Amino acid sequence: MFPMIPLISSYLSIAIIALAAVILSSSYSTIAPAHQLQDIKMSFSAFRLQLSSLLRHSSPKVLTSTSRKAFFSTSPSLSQSKPAMAEKLSFLDAVRNRRTYYALNKDAPVSDTRIQEILKEAVLNVPSSFNSQSARLLVLLGKDHDEFWDIVLEALEGVTPADKFESTKGRIAGFKGAYGSILFYEDPEPVNKLVSQFALYADKFPVWSEHTSAMHQFALWTGLEAEGFGANLQHYNPIVDAKVADRWNVPLEWSLKAQLVFGGKTGPPAVAEKAQTDLSKRLFVHGAKE
Ligand SMILES: Cc1cc2nc3c(=O)[nH]c(=O)nc-3n(C[C@H](O)[C@H](O)[C@H](O)COP(=O)(O)O)c2cc1C
């Protein structure tokens, strides 16, 4: 009972101040200059926000400005802030914005801490078949990113025709000039466990493991784009697998599926206007209401 008294008095004081703000704002509307009126309206909104948050017994919601940094809002599991995707950048906006960018540099629009937050969100929340959680991510930033692309170039030197190697070198230098790389692996252990547990789907689990990896790739490609990075997807596996496993302590049985290169954008997408096959050949909807 007694602990309620401070709460009730807080309600009352906020309600009185809010009422005063309403009266003040309505009377000022006839005499105050526009910018003062704006200030009054803003403080009234702040009161309303405080009042409603007090009534909900929760801390006031932080008002965020419209921002592109929203596809992976930090979940309550990683911080106390609420997911706020709808307030900032819609999922479909993020999906539409994601493109292939090769023109990348080492300027990062967000901190490494934020990059790691996004990575954690993806690993925790992207689905996997039977919740196998078979995806493993090796993320290389700074010197490690550069070293990875040196390893790729070295591996390519052995297999690229001499007359093609100059252009290959240029391409790899482009990737090395970006900010970071995410290497997407699948761990066969949880996948094989499912194969032995569910004989009916035995032949499907390896396929679904590929799908699981693809979902992680798409989520991070789109998520990093939403933070202001540009990115492109590469496949230098399996020629680099052994060297990478040795250098970064990756279990040899993990299977490398793809590499996402990301960095600051220095130019437009690789293809400005993507050619689109007619939607009528790709999308079929039946039973939709008018
Ligand atoms: C499964 C998959 C594999 C891809 N492999 C490569 C690749 O090895 N190298 C590359 O430069 N781009 C690769 N891409 C990028 C596609 O070429 C690109 O996404 C596509 O042309 C559409 O262009 P957009 O990304 O700008 O929308 C791949 C994309 C997907 C979905």
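# Loops, strands and a ligand shell

Biologist: How many other C-beta atoms lie within 10 Å of that of Q133?
Modeller: The structure is a predicted model, in which local features need pLDDT of at least 70 and side-chain atom pairs count only at pLDDT 80 or more, while totals for chains, interfaces and linings use all residues. Residues are numbered from 1 along each chain as its sequence is written. A residue is buried if 20 or more other C-beta atoms, placed from the backbone, lie within 10 Å of its own, exposed if 12 or fewer, and partly exposed in between. Q133 is partly exposed, because its count is 15.

Biologist: Where is Q133, and what is its phi near?
Modeller: Helices (H or I, at least four residues) and strands (E, at least two) are DSSP runs, numbered from the N terminus. Q133 falls in the loop between α5 (112-125) and β2 (135-141). Most residues other than glycine have a negative phi. Q133 is not glycine, yet its phi is positive, near 50°.

Biologist: Is N249 buried or exposed?
Modeller: N249 sits in the loop between α10 and β5 (255-265), and its phi is also positive, near 60°. It has 8 C-beta neighbours inside 10 Å, so N249 counts as exposed.

Biologist: Which two residues does a cis peptide bond join?
Modeller: Most peptide bonds are trans. Here omega is about 0° at the bond in question. P238, one of its two residues, lies in the loop between β4 (230-234) and α10 (241-248). The bond joins N237 and P238.

Biologist: What is the C-alpha separation of I239 and E154?
Modeller: I239 is in the loop between β4 and α10. I239 counts as partly exposed, because 16 C-beta neighbours lie inside 10 Å. I239 and E154 are 85 residues apart along the chain, but their C-alpha atoms are separated by 9.9 Å.

Biologist: How many residues of β3 are buried?
Modeller: In a regular strand the side chains alternate between the two faces of the sheet. In β3, G180, I182, F184 and E186 point one way, S181, L183 and Y185 point the other way, and all are buried. The strand is largely enclosed by the rest of the structure, because the buried count is 7 of 7.

Biologist: Over how many bridges do β3 (residues 180-186) and β5 pair?
Modeller: Two strands pair if DSSP finds at least two bridges between them. S181 has V261 as its bridge partner in β5, and E186 has S255. The two strands are antiparallel, and the number of bridges is 7.

Biologist: Which residue in β3 stands opposite L137?
Modeller: β2 also pairs with β3, in the antiparallel sense over 7 bridges. The residue opposite L137 in β3 is F184.

Biologist: How many of the 11 residues of β5 are buried?
Modeller: β1 (residues 104-105) pairs with β5 in the antiparallel sense over 2 bridges, with L104 opposite K265. β4 runs antiparallel to β5 and is joined to it by 5 bridges, with L233 opposite L260. β5 is mostly covered, and its buried count is 8.

Biologist: Are α6 and α7 roughly parallel or roughly antiparallel?
Modeller: Axes are lines fitted to C-alpha atoms, for helices over the stretch in contact, and angles run from 0 to 180 degrees between N-to-C directions. Angles under 35 degrees count as roughly parallel, over 145 as roughly antiparallel, 65 to 115 as roughly perpendicular and the rest as oblique. Helix α6 (residues 142-157) packs against α7 (residues 162-176) with axes 9 Å apart, at an angle of about 165°. The two helices are therefore roughly antiparallel.

Biologist: What separates the C-alpha atoms of E157 and T168?
Modeller: E157 belongs to helix α6. It has 13 C-beta neighbours inside 10 Å, so E157 counts as partly exposed. E157 and T168 lie 11 residues apart along the chain, and the separation of their C-alpha atoms is 8.8 Å.

Biologist: How many charged residues are in the shell around the ligand?
Modeller: A residue is near a molecule if its C-beta atom, placed from the backbone, lies within 6 Å of it. The ligand is surrounded by R99, T100, N232, L233, Q234, H235, P269, V271 and K274. Ala, Val, Leu, Ile, Met, Phe, Trp, Tyr, Cys and Pro count as nonpolar, Asp, Glu, Lys and Arg as charged, and the others, Gly among them, as polar. The shell has 3 nonpolar and 4 polar residues, and its charged residues number 2.
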